[in-house]
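Subject: Structure handover

Hello,

Here is the structure for your files. My notes on it follow below.

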Amino acid sequence: MPNAPERSRLTPPLFALLILLGTTGPLATDMYLPSFPAMTREFATSASGIQLTLTAFLMGIAFGQIFWGPLSDRLGRAKPLRWGTALFVVASIVAAVAPTLTTLTIARALQGLGGAAGLVISKAIVADTTRGVQTARIFSLLMTFGGVAPAVAPLIGSVLGEFGGFRTVLWFIALIALLMAAGSFGIYRETHPQHQRSTGSFVAPLRIALSKPRFVGYMIQFAFAFGAMMAYISTSPFLYQNVMGLSPQGYAVFFGINSLGLVTAGLVSARLATRVPLRRTISIALSVLLASSIAMAVMAQLGVRSLALAAVIFVMVTSVGFTMGNTTGLAVAEVREVSGSGSALLGCAQFFIGAVATPLVGLSGDNSPIAFSITALACAIVAASALVYTADRFHQPKLG
């Protein structure tokens, strides 16, 4: 096919669209969290009833990726991406005007399903349009933006909520969804040509990806490193305020410092990708994550409640920033022929482990870091073991 290699290029407008596709899900997840008390009053329900809307969204975004990923391998990226973003727009509008909690919960589930298309297909587009270490560099940059989104989303949501109530927040999410859809229809051009598309059963691409032991190893490492991060995010208000005794403003400052560490790690990792082997960077980062998790567990058992905990948390969070993009690059290199399905499995595993880790950190109560430290340590051990597994049994793949 003449000129086939030239038709798939990562242009600046496309890169900007990929950032939007990759951050809309996290923004829609966290932006309305500060409005939970107001929503509880509006819908005359309990906190758990409102939290069910978040669960519905996360379930939609986790399992939706398993649907959109294989579909994009079969039909190309453009149609599934546009269908998914259109669904995201419609569901966001329904959520903004929802008269009942049941309607809102269903709309949030459909939001997650539609938003999943952007998350998974954006990764597949990177695999379509880049080669070699550039793949890992782009993923590191995208993961950096994706890491910033959950940090700034509650702040944006609190400002919008103060200005116009929780429905203003939901309408803002609908506006972001509309921008994402406009980019999908107006900027994106197909990057997955006909001759590269999968055939056979719908689940065949998933089976191909899961048949590659190295991919499975990287997927496990990716998901559990993210699990350690989610353990921190979900328990951070209690860690800083109840355990370390900081004010809400102090918590915001330290949360921002950790977010800055995560962003810096992603940017540095992107630059290192051209000079340092990806596995070396990941190995060092996971060693640091494991060591800091052990330190956190020891300090928790000893009853330490000082800001020394904050220093260890900063090291943990920053180390994760060095792993996510590089691991994604190595993983999709193993399944480039079915990168949509591979990206779907990565995303589903990521959100599933994150969802499992989130409730575990509260088992020791709101005034103890013990459950958090054990959860983070378990995630770090599994992530490090998965990387060792891939190194011991197989040769490192060529990314080009």
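**Cavity**

The largest cavity has a volume of about 40 Å³. A cavity here is a set of points, on a 1 Å grid over the protein atoms alone, where a 1.4 Å probe fits but cannot get out. Grid points are joined across faces, edges and corners, and the volume is the space filled by probe spheres set on the points. With a threshold of 30 Å³ or more, the count is 1 cavity.

Before going on, the basis of the numbers: this is a predicted model, in which local features need pLDDT of at least 70 and side-chain atom pairs count only at pLDDT 80 or more, while totals for chains, interfaces and linings use all residues. Residues are numbered from 1 along each chain as its sequence is written, and side-chain values use heavy atoms, with hydrogens and water left out.

The lining of the largest cavity consists of Ala228, Met229, Tyr232, Leu289, Met316, Val317 and Val320; a lining residue has an atom within 4 Å of a point. The lining divides into 7 nonpolar residues, with no polar and no charged ones. At least two lining residues each come from α9 (213–243) and α12 (308–321). Helices are DSSP runs (H or I, at least four residues), numbered from the N terminus.

Tyr232, one of the lining residues, is found in helix α9. Tyr232 has a relative accessible area of 4% and is therefore buried; buried means under 20%, exposed over 50%, and partly exposed in between (1.4 Å probe, protein chains only).

**Salt bridges**

How many salt bridges does the rule give? The count is 6, a salt bridge being a side-chain nitrogen of Lys or Arg within 4 Å of a carboxyl oxygen of Asp or Glu.

Glu337 pairs with Lys212, the closest N and O atoms being 3.3 Å apart. Glu337 lies in the loop between α13 (324–334) and α14, and Lys212 in the loop between α8 (204–210) and α9, so the pair ties together parts that are 125 residues apart in sequence. Both ends are partly exposed: Glu337 has a relative accessible area of 38%, and Lys212 one of 26%.

Arg214 and Glu334 also meet in a salt bridge, at 3.2 Å from N to O. This pair links distant parts of the chain, with Arg214 in helix α9 and Glu334 in helix α13, 120 residues apart. Arg214 is buried at 6% relative accessibility, and Glu334 is buried at 14%.

Salt bridges with shared partners join Asp73, Arg77 and Asp128 into one network. Within it, Asp73 and Arg77 have their closest N and O atoms 3.0 Å apart, and both of these residues are buried.

Helix α13, which holds Glu334, is mostly covered, with 11 of its 11 residues buried. Among them are Met324, Asn326, Leu330 and Val332.

**Nonpolar surface patch**

Met59, Phe63, Phe352, Val356, Leu360 and Leu363 make a nonpolar surface patch of about 600 Å². Patch residues have over 30% relative accessible area and no salt bridge; nonpolar side chains (Val, Leu, Ile, Met, Phe, Trp, Tyr) are joined within 5 Å. Areas come from the Shrake-Rupley method with a 1.4 Å probe, and for residues only the protein chains shown count as cover.

The elements giving two or more residues to the patch are α3 (47–75) and α14 (339–360). The largest share, 3 residues, comes from α14. Leu363 sits in the loop between α14 and α15 (370–393), and its 69% relative accessibility makes Leu363 exposed.

**Two further residues**

Phe172 is in helix α7 (residues 166–186) and is partly exposed at 30% relative accessibility. Phe172 and Leu33 are 139 residues apart in sequence and 14 Å apart in space, C-alpha to C-alpha.

Pro26 is in helix α1 (residues 12–30) and is buried at 14% relative accessibility. From Pro26 to Met39 there are 13 residues in sequence and 20 Å in space, C-alpha to C-alpha.

Regards

Notes:
Patches are made of residues with over 30% relative accessible area and no salt bridge: like charges are joined within 9 Å, nonpolar side chains (Val, Leu, Ile, Met, Phe, Trp, Tyr) within 5 Å. On a 1 Å grid over the protein atoms alone, a cavity is a set of points where a 1.4 Å probe fits but cannot get out, and a pocket is an open set with protein on both sides within 12 Å along at least five of seven lines; lining residues have an atom within 4 Å of a point. Ala, Val, Leu, Ile, Met, Phe, Trp, Tyr, Cys and Pro count as nonpolar, Asp, Glu, Lys and Arg as charged, and the others, Gly among them, as polar.
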